[in-house]
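Trainee: I have a structure open and would like to work through it. Can we take it one question at a time?

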Amino acid sequence: MDAVSPVTVRMFGLLYAARREAGLPTTVAVEVPAGGTTARQIARDLELDLNIIEGVFVNRTVYDLGHRVVNGDRIAFVPEGTPGPHRLFLGLYKAGRDTADADESGASSSD
Amino acid sequence: MRHSLRVNMSDLSVVREELPAKWARYGGRALTSAIVFTEVPPQADPLGPENVLVVAPGLLGGTNTPNGGRLSIGAKSPLTGGIKESNSGGQAANALGRLGIAAVIFTGKPVDPHAYYMLTIEADGSAVLSRVDEWAGAGNYEVADAVKAMRPEGDRYSTITNGPAGEAGLKASGIAVSDMKGYPNRFAGRGGLGAVMGSKGLKAIVVSDKGVATPAHADKEAFSAAVKTFSAALREHPVSGQGLPTYGTNVLTNILNEAGGLPTRNFSEGSFEGAEATSGERQREITLERGGDVSHGCHTGCVIKCSRYWNDKDGNYVTKGPEYETIWAFGADCGVDDLDDIAELDRICGDMGLDTIEMGATIGVYMDSGAIPFGDGKAAIATLNSIFDGSEPGKVLGDGAEATGLAFNVARIPVVKHQALPAYDPRSVQGMGVTYATSTMGADHTAGYTVATNILKVGGDVDPLKPEGQVELSRNLQIATAMLDAFGLCIFVAFPILDIPEAFTAIHEMAQAHTGDTWDVDALLQLGKETLAYEKLFNDAAGMGAKDDRLPEFFKTDALPPHKVVFEVSDADLDSVYDFVPEVAKTLGIS
């Protein structure tokens with residue numbers, strides 16, 4: 001049987017701090033089911049605070065938490081609080097939140 | 001009524017002038033750019049007597065506007081050849097604002113080329129020039145100590161000083177501004193304005209505001225109410241209330257690296273294996289381990305408090321906590337992953353008066369020539385010091401990345417309008433590429449800060465790797481940024497004001513309550529447009545054209561790992577960014 005390459009998960013900013021305070025690593029490898037799982041589920045499994053996650057990088061591109069992640073992916077959770085002019089001016093911030101919330105209630109994910 | 005001080009360095013006169021009525025609504029960058037546009041012949045030698053150096057607090061400077069204490073310094077740039085506003089934190093803007101000074105305008109040039117002067121503005125409003133020839137060649141920290149020794153016990157003052165780089169007329173030189181503890185560690189770094197200050201024989205400006213009250217408001221109650229709203233928004237927003245106070249600007253290193261947009265080894269790659277070692281998260285841990293300060297304001301009234309101090313391994317102060325752009329410049333761009341080496345490079349720049357972005361990019365280019373290896377922090381330190389020991393290649397390096405690249409035959413020279421690009425690769429953050437290409441300032445990350453919208457698009461419409469939508473985004477953000485600079489507001493208030501409607505409203509409410517004039521959202525944006533119109537027209541008259549609003553060719557041809565993308569925004573789209581200028585110029589009666 002071939003070895004499964006796990007998902008590499010990193011955590012930035014306040015998520016990094018929370019992990020360090022808990023004595024937990026800020027970069028971990030997790031194995032997900034063959035069909036993948038959502039980034040949100042990975043965050044839940046790691047007991048990250050979903051309320052402060054703004055987005056997730058999957059293979060260096062940002063998605064909402066409903067994005068499906070498969071083994072071998074490289075992901076990173078980014079909390080709110082990152083400098084840079086914002087999304088509401090162009091309606092982006094709410095769009096991101098709405099997508100995440102829709103997925104939470106069982107609607108289709110972004111992938 | 002605000003006034004200006006006109007300091008003629010040719011005849012050494014200091015004259016108080018009323019601010020022209022047409023500029024009554026201008027402060028900060030709007031005022032420096034309007035003055036430079038009006039007074040400086042576009043073809044003037046930047047280091048000649050026809051150039052002016054303008055120091056201006058924002059329109060709300062001196063008040064207790066939260067994060068309203070930024071300082072604008074303007075002139076024709078010896079680096080770009082165009083107009084320049086370089087923006088700094090520190091205490092000087094608050095002090096000038098309290099004294100009712102809208103601008104200090106330095107004109108002319110001393111008859112004696114070896115003379116050095118200090119302008120002292122006392123709390124009673126008097127201002128005198130004095131000779132300080134003995135400070136020739138002194139670093140900014142030494143000058144700060146010398147000024148401290150001269151001031152009366154218990155004085156409250158701030159300094160604006162020029163290091164040896166500015167004295168030498170180096171195009172990478174900047175101007176230092178003291179922070180709340182008196183360290184000269186805040187910096188108007190970009191564009192070589194230290195050289196302009198040096199050309200005027202000006203070593204220091206000292207501003208005392210001891211015992212001076214904040215300026216009166218047209219409507220005190222309304223002003224206080226708006227301040228309260230604004231302050232609450234800054235404190236509650238996750239960017240200004242949590243992210244920046246905790247990690248400072250360097251929270252961006254991990255994020256840009258993850259996005260593949262962290263320029264590495266002179267823009268040859270988009271991610272850096274040493275990112276985590278130089279990240280804001282790691283910087284905070286080390287700072288705390290060494291007893292350093294991890295959160296304070298860079299000026300009175302700052303509620304975000306993203307500044308910090310970096311201590312050495314023995315717990316002694318070295319420099320300010322290097323900002324993200326500095327850590328990128330001396331870190332990823334040079335392949336250096338040691339924060340102590342980066343801090344040492346920051347300290348040298350701060351003391352000698354060099355722009356850390358320009359110098360990091362310069363050393364990255366120099367490393368790309370093969371002269372010293374990427375990743376060698378100690379060699380980078382020795383190279384930086386060579387600028388001041390008279391040896392080659394120091395003389396070239398001090399004039400920046402383009403001069404260095406040309407001298408050492410480097411193919412990849414990351415500059416626009418002769419100024420080095422900051423810490424975001426325009427291939428992975430295409431909107432930033434639009435701003436880099438078209439900004440009146442040359443490649444400038446603060447001119448239109450598209451990073452969060454581009455990288456953290458979070459289900460949004462603008463793909464950071466694609467050209468669609470980037471021009472409008474960049475244009476709007478350049479206008480908004482110019483407006484914030486005119487008020488003297490920190491660029492980091494951008495996040496709360498775009499997310500919290502009451503915060504945006506509070507800006508024009510503060511302006512209206514303070515000045516008694518009518519302000520609204522449209523007026524705010526008009527202020528930003530007028531500022532950019534002055535700048536664009538000056539640059540056009542100075543000989544800049546569409547050819548100068550372009551990224552270096554390699555960004556269009558060399559695909560950037562890991563995304564393997566090139567910059568794709570078309571020239572026609574770039575040329576449309578400033579299409580609002582003719583109409584605004586017409587309303588201003590300028591051309």
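Trainee: Among contacts in chain A between residues at least 6 apart in sequence, what share joins residues at least 24 apart?

Mentor: Keep in mind that this is a predicted model. Take the chain A contacts between residues at least 6 apart in sequence. The share that joins residues at least 24 apart is 62%.

Trainee: Which pattern of helices and strands does chain A follow along the sequence?

Mentor: Chain A has three helices and seven strands. Of its 111 residues, 43% count as buried. Read along the sequence, the pattern is β-α-β-β-α-β-β-β-β-α.

Trainee: Which are the edge strands of the open sheet in chain A?

Mentor: Five strands of chain A form this sheet, with mixed pairing, in the order 2-1-7-4-5. An edge strand pairs on one side only. In chain A these are strand 2 (27-30) and strand 5 (61-63). From one strand to the next, the twist averages 30°.

Trainee: In strand 7 of chain A, what is the bridge partner of A:Ile53?

Mentor: Strand 4 of chain A covers residues 53-58, and strand 7 of chain A covers residues 74-79. They pair in the antiparallel sense over five bridges. The bridge partner of A:Ile53 is A:Pro79.

Trainee: At what angle does helix 1 of chain A run to strand 7 of chain A?

Mentor: Helix 1 of chain A spans residues 13-21. It lies across strand 1 (7-11) and strand 7 of chain A. Its angle to strand 7 of chain A is about 100°.

Trainee: What is the bridge partner of B:Val177 in strand 11 of chain B?

Mentor: Strand 10 (residues 175-177) of chain B pairs with strand 11 of chain B in the antiparallel sense. Three bridges join them. For B:Val177 the partner is B:Arg186.

Trainee: Which residue takes a positive phi in the hairpin of strand 4 and strand 5 of chain B?

Mentor: Strand 4 (residues 71-76) and strand 5 of chain B pair in the antiparallel sense over six bridges. B:Lys76 has B:Ile83 as its bridge partner. Six residues lie between the strands. The one with a positive phi, near 80°, is B:Gly81.

Trainee: Is helix 11 of chain B largely enclosed or open?

Mentor: Helix 11 (residues 339-352) of chain B has 14 residues, which should span 20 Å at 1.5 Å a residue. Its end C-alpha atoms are 20 Å apart, which agrees. Just after the helix, B:Gly353 takes a positive phi of about 90°. Because 13 of the 14 residues are buried, helix 11 of chain B is largely enclosed by the rest of the structure.

Trainee: How are helix 11 and helix 13 of chain B oriented to each other?

Mentor: Helix 11 and helix 13 (residues 377-385) of chain B have axes 9 Å apart. Residues in contact include B:Leu345 and B:Ile348 in helix 11 and B:Ile381 and B:Leu384 in helix 13 of chain B. By class, this contact has five nonpolar, two polar and three charged residues. The angle is about 5°, so the helices are roughly parallel.

Trainee: Is B:Ser231 buried or partly exposed?

Mentor: B:Ser231 is in helix 6 (residues 220-236) of chain B. Not counting residues up to four places away in sequence, B:Ser231 touches B:Pro66 and B:Val303. A buried residue needs 20 or more C-beta neighbours within 10 Å. B:Ser231 has 19 inside 10 Å, so it counts as partly exposed.

Terms used: Residues numbered from 1 in each chain as written. Chains lettered and ligands numbered in written order. Predicted model: local features only at pLDDT ≥ 70, side-chain atom pairs only at ≥ 80, totals over all residues. Pairing = 2+ DSSP bridges. Helix = DSSP H or I, 4+ residues; strand = E, 2+ residues; numbered from the N terminus. Axes fitted to C-alpha atoms, helices over the stretch in contact; angles between N-to-C directions. Contact = placed C-beta atoms within 7 Å. Expected span 1.5 Å × (residues − 1). Buried ≥ 20, exposed ≤ 12 C-beta atoms within 10 Å, placed from the backbone. Parallel < 35°, antiparallel > 145°, perpendicular 65-115°, else oblique. Nonpolar A, V, L, I, M, F, W, Y, C, P; charged D, E, K, R; others polar.
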